[in-house]
Amino acid sequence: MVEAWYMDESGEDQRAPHRQEPHRPVSLEQLRRLGVFHWKLDADNYETDPDLARIRKEKNYSWMDIITIHKDKLPNYQDKIKIFYEEHLHLDDEIRYILEGSGYFDVRDKDDKWIRIFMEKGDMITLPAGIYHRFTLDENNYVKAMRLFVGEPVWTAYNRPADHFPARGQRSTGVEGETLKVAVSADEDKTCRGTIVSIFSGTSGAGLPPLAPLKLNFTSTFRSILIQKKTFKHHLHSTE
């Protein structure tokens, strides 16, 4: 089972556990409130695992590849390790499934404190768009992971500060359970053009009222339209 805790502020090797004294554990429920979700799966049989297939279908994780992070396997290994550990965000969710080895994802909480998430074989995690985070190997210096994406992958990372992106503001709405109704048309190049005709919110854990209907013209790729997400974020990026 994945384990998480608040980090200390020491200058020790980034691959060390960095637990505070006294230890401050973080529960899965606390992670879920940040938009971070976890599954424990059968990594030995990932190619035929029905649970993984079900999750991919439900979440529309249509694209995948496998990356091995080790000094003998990853080109420009030292540079990549530095890049992975630079604090950054993405405009799409980040989905990782550990097939072998182990490592740490660090995420910022709502008070800007670092939470370290230890992941090992069988752990799958999703980090929401707009959350500041970073990744490092642990002291075993090896991980083999599946990377999943909705549609074609976009690898662009925006190093902090990057608060001007809408994804940062969308994370703080506190509204859950919305359904996004979209009217679209599709060109042969798989570009969608249309209008969001309404947004209705369901029950809000924060006690917020339903969102008012609105109209918003957009141009977006298919992967950017997320329907019936648990957390409101429409991810509409212009196609260039």
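**Note on the core, ring pairs and salt bridges**

1. Ile 117 touches Val 2, Glu 3, Ala 4, Leu 31, Val 36, Gly 103, Tyr 104, Phe 105, Asp 106, Val 107 and Ile 125, leaving aside residues up to four places away in sequence, where contact means heavy atoms within 4.5 Å. This is a predicted model, in which local features need pLDDT of at least 70 and side-chain atom pairs count only at pLDDT 80 or more, while totals for chains, interfaces and linings use all residues. Residues are numbered from 1 along each chain as its sequence is written, and side-chain values use heavy atoms, with hydrogens and water left out.

2. Ile 117 is also one of the four residues, with Val 36, Ile 69 and Ile 115, that touch the most other members of the largest nonpolar core, which has 25 residues. A nonpolar core is a set of buried Ala, Val, Leu, Ile, Met, Phe, Trp, Tyr and Cys residues joined through side-chain atoms within 4.5 Å; buried means under 20% relative accessible area, exposed over 50%, and partly exposed in between, with a 1.4 Å probe and protein chains only.

3. The rule for aromatic pairs (rings of Phe, Tyr and Trp, the last by its six-membered ring, with centres within 6.5 Å; stacked under 30 degrees between planes, edge-to-face over 60, tilted for the rest) gives a count of 7. Trp 63 and Trp 155 form an edge-to-face pair, 5.6 Å centre to centre with 70° between the planes, and Trp 155 is partly exposed at a relative accessible area of 41%. Phe 84 and Phe 135 are likewise edge-to-face, because their planes stand at 70° with the centres 6.5 Å apart; Phe 84 is partly exposed at 22%, whereas Phe 135 is buried at 10%.

4. The structure holds 18 salt bridges, each being a side-chain nitrogen of Lys or Arg within 4 Å of a carboxyl oxygen of Asp or Glu. In one of them Asp 106 pairs with Arg 116, the closest N and O atoms being 2.8 Å apart, and both Asp 106 and Arg 116 are buried at 0% relative accessibility. Arg 116 also lies over the face of Tyr 104, at 4.3 Å from the ring centre, under a rule that asks for NZ of Lys or CZ of Arg within 6 Å of the ring centre and within 35 degrees of the ring normal.

5. Asp 65 and Arg 147 meet in another salt bridge, at 2.7 Å from N to O, and Asp 65 at 19% and Arg 147 at 18% both count as buried. By contrast, Arg 54 and Asp 51, whose salt bridge is 4.0 Å from N to O, are partly exposed, at 39% for Arg 54 and 38% for Asp 51.
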